[in-house]
Amino acid sequence: MAALASPPDAPLGALAPRREFLQHIGAWGAAALAAPALQACRHSQAQNLSPEKLAFLHGVASGDPGRDSVVLWTRVTPLQALEPGQEIWLDWRIARDPEMLQLAGSGSVATSAAQDFTVKLEALGLQPGQTYYYSFSAPAQGAQAARHSPRGRTRTLPAHDVAQVKLAVLSCSNFPAGYFNVYQDCARQTELDAVLHLGDYIYEYGADGYASARAEQLGRVAAPAHELQSLEDYRQRYAQYRSDPDLQALHAAAPFICIWDDHEFADDTWRDGAQEHDNGSQGPFALRRAAAAQAWQEWLPVRTPDMDKIWRSFDFGGLLSLYMLDTRLAGRDQQLQFASYVNAQGKLDLARLRRDARAARRRMLGREQFEWLQSRLQNSSARWQVLGQQVLMARMEFPLSVACGEQDRLDWWRDVQQAQRDGASVKAHALLHAPRAPCYLDSWDGYQAERERLYSLMQGHGKNLISLAGDTHNAWASDLQDEAGRAVGVEFATASVSSPGLESSYQESAALAACMQAMLPTLRYAQTSLRGYMLLTVSAHEAECAWRFVDTVHTRQFSAHTGKVLRVLHGQGKISPAAGQDAIS
């Protein structure tokens with residue numbers, strides 16, 4: 001989208017059945033579920049490559065933590081040609097201390113070209129709510145010393161009530177658009193329980209595509225140079241992104257919990273296609289989708305046995321239940337197109353647009369995922385229910401003159417301000433209360449009936465809802481209300497890691513934020529000119545969201561600061577300023 005522009009059926013923290021997980025891990029070509037047997041198997045193999053012929057160029061990562069397990073990841077790069085099907089064996093260790101003297105687990109694991117030399121395994125038998133350290137190595141051979149990967153830090157989920165959970169929330173990391181300074185600042189944060197990445201981890205465009213104007217100057221030209229289509233294309237792009245030192249640092253600092261959005265596939269992807277995919281010239285979308293999903297599975301530390309059902313949940317004791325949702329592929333119907341409701345004279349058929357956007361048949365999550373979420377919510381006793389998903393849930397409806405392009409949004413705002421200064425209250429009221437139209441139909445505004453069903457589900461069970469979103473490249477905070485105006489919860493939306501926001505169209509960011517809040521009654525905060533991320537800190541009585549921003553992504557030298565800090569109190573379902581903060585602005 002342009003600038004605004006644990007297995008699925010396992011209880012949170014529970015593990016997949018061993019047989020099922022072994023079947024799936026075979027697709028990765030890596031397992032650590034029976035270390036002694038694997039050790040023995042490795043020594044029966046043909047001679048492993050000499051450690052000097054192997055390199056760890058893409059760091060290490062962990063993810064999808066459970067109460068007694070976590071997924072560990074690395075990639076090993078062979079520095080010489082291999083025989084077809086030849087495997088590379090690595091040793092792995094996980095320990096309770098940074099020096100890695102107090103081992104909690106170890107073993108050996110194989111990889112090959114079949115999974116692009118990525119390694120993914122599940123370390124079992126860990127203790128709940130504990131910090132661990134892990135690494136990989138190419139074993140020593142004769143006089144050749146072992147070659148070691150960087151060391152990573154990870155953490156398991158708590159089993160019982162905890163006083164606090166701290167999550168970092170990121171989205172929209174575009175390699176050619178700028179440096180990943182946001183990742184670097186996030187890696188410096190302490191006491192993170194997990195990092196949530198809400199999608200657009202990579203972008204699929206070619207070297208001359210979106211946000212690439214400075215790529216050559218920055219030394220960040222996209223590879224391969226063409227738009228991604230095949231499995232090898234997507235693998236090469238992930239390898240480029242994972243070569244970034246700031247992204248490697250964040251992966252090594254904390255476990256990731258990831259979900260995909262559209263650019264892991266193609267712009268404005270839906271269940272059976274994408275706006276930027278043409279079956280006639282590019283072949284069946286199903287092939288591209290499968291290639292992109294496989295590369296995502298290979299390169300990220302995710303635990304999802306079924307690549308078509310990546311929704312999953314995580315319990316942080318009895319404090320917070322997190323539901324990572326797929327609002328992009330699993331059940332999404334094709335997006336409505338705003339232009340389809342504007343005639344040749346530029347007149348919008350608002351009644352038809354609203355009817356179609358509210359149609360009960362339109363699905364964002366799809367029936368199966370919605371029923372899974374309903375079951376999880378009904379059975380959760382956690383004080384906070386958090387949705388980790390991609391697109392804005394709050395309404396973004398603009399006055400018709402703005403929606404139809406007859407008037408720029410800042411011109412509309414200046415008209416409102418002028419009318420207020422002139423004492424023309426009738427005119428000001430008319431401008432502020434003019435009919436509105438939903439414009440971002442890729443968001444929940446294009447799937448309003450399912451949004452209402454979700455709101456009803458939350459209200460029916462008295463849940464404290466926090467919805468997290470990315471996608472738009474800008475920072476937002478909104479109260480969530482149903483069509484009747486009843487409070488449902490709150491939404492916190494993160495700015496992007498590097499993709500440009502509305503500053504590319506509007507340099508008057510303060511005026512634009514004021515304009516947007518005047519247009520949107522439930523909007524409580526907007527920051528449309530800075531790249532950044534969110535820190536969500538949840539306790540029994542409140543959830544606090546702090547927006548962190550960097551001043552540039554175009555040089556390696558940068559400064560970072562905390563912008564707005566907002567909170568929602570348990571049981572209130574609406575946003576208020578954090579202690580010591582001024583009124584919301």
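Which residue in β8 is the bridge partner of Arg 93? The answer is Ser 135. The views below start from there.

This is a predicted model, in which local features need pLDDT of at least 70, side-chain atom pairs count only at pLDDT 80 or more, and totals for chains, interfaces and linings use all residues. Residues are numbered from 1 along each chain as its sequence is written, and side-chain values use heavy atoms, with hydrogens and water left out.

**View 1**
Strand β8 covers residues 131-138. Helices (H or I, at least four residues) and strands (E, at least two) are DSSP runs, numbered from the N terminus. Two strands pair if DSSP finds at least two bridges between them. Strand β5 (residues 88-95) runs antiparallel to β8, joined by five bridges. Strand β10 (residues 152-155) is also antiparallel to β8, with four bridges. Here Tyr 134 has Gly 152 as its bridge partner in β10. Strand β9 (residues 147-148) pairs with β8 over two bridges, again antiparallel. Ser 137 has its bridge partner in β9, His 148.

**View 1. The two faces of β8.**
Eight of the eight residues of β8 are buried, so the strand is largely enclosed by the rest of the structure. Buried means under 20% relative accessible area, exposed over 50%, and partly exposed in between (1.4 Å probe, protein chains only). One side carries Thr 131, Tyr 133, Ser 135 and Ser 137.

**View 2. The largest nonpolar core.**
A nonpolar core is a set of buried Ala, Val, Leu, Ile, Met, Phe, Trp, Tyr and Cys residues joined through side-chain atoms within 4.5 Å. The largest one has 79 residues. Leu 170, Leu 468, Phe 492 and Trp 547 have the most contacts inside it. Helix α8 (residues 285-299) gives the most to this core, with six residues.

**View 3. The surroundings of Phe 492.**
Contact means heavy atoms within 4.5 Å. Neighbours within four places in sequence are left aside here. The contacts of Phe 492 include Ile 466, Ser 467, Leu 468 and Ala 469. They also include Trp 476, Ala 477, Met 534 and Leu 536. Cys 545, Trp 547 and Ile 575 are in contact with Phe 492 too.

Side chains of opposite charge can pair when their charged atoms come close. A salt bridge is a side-chain nitrogen of Lys or Arg within 4 Å of a carboxyl oxygen of Asp or Glu. The whole structure has 30 of them. One joins Glu 122 and Arg 303, at 2.1 Å from N to O. Glu 122 sits in strand β7 (residues 118-123), and Arg 303 in the loop between α8 and β16 (312-316), 181 residues apart. Both Glu 122 and Arg 303 are buried.

**View 4. Salt bridges with partly exposed residues.**
Arg 556 pairs with Asp 246 in a salt bridge, with the closest N and O atoms 3.5 Å apart. Arg 556 lies in the loop between β26 (542-550) and β27 (560-569) and Asp 246 in helix α6 (residues 245-253), so the pair ties together parts 310 residues apart in sequence. Arg 556 is partly exposed, at 38% relative accessibility. Asp 246 is buried, at 8%. Glu 368 and Lys 309 form another salt bridge, 2.9 Å from N to O. Glu 368 belongs to helix α10 (residues 367-379), and Lys 309 to the loop between α8 and β16, 59 residues apart. Glu 368 is partly exposed at 44%, and Lys 309 is partly exposed at 26%.

**View 5. An open sheet of seven strands.**
The strand order is β16-β17-β18-β21-β23-β22-β24, with mixed pairing. β16 and β24 (523-527) stand at the edges with a single partner strand each, so one side of each has no neighbour in the sheet. Neighbouring strands are turned by 20° against each other on average, direction ignored. Axes are lines fitted to C-alpha atoms, for helices over the stretch in contact, and angles run from 0 to 180 degrees between N-to-C directions. β16 and β17 (residues 320-324) are antiparallel, with five bridges. Arg 312 stands opposite Met 324 in β17. Helix α10 packs on the sheet, touching β16, β17 and β18 (384-388), and its direction makes about 175° with that of β17.
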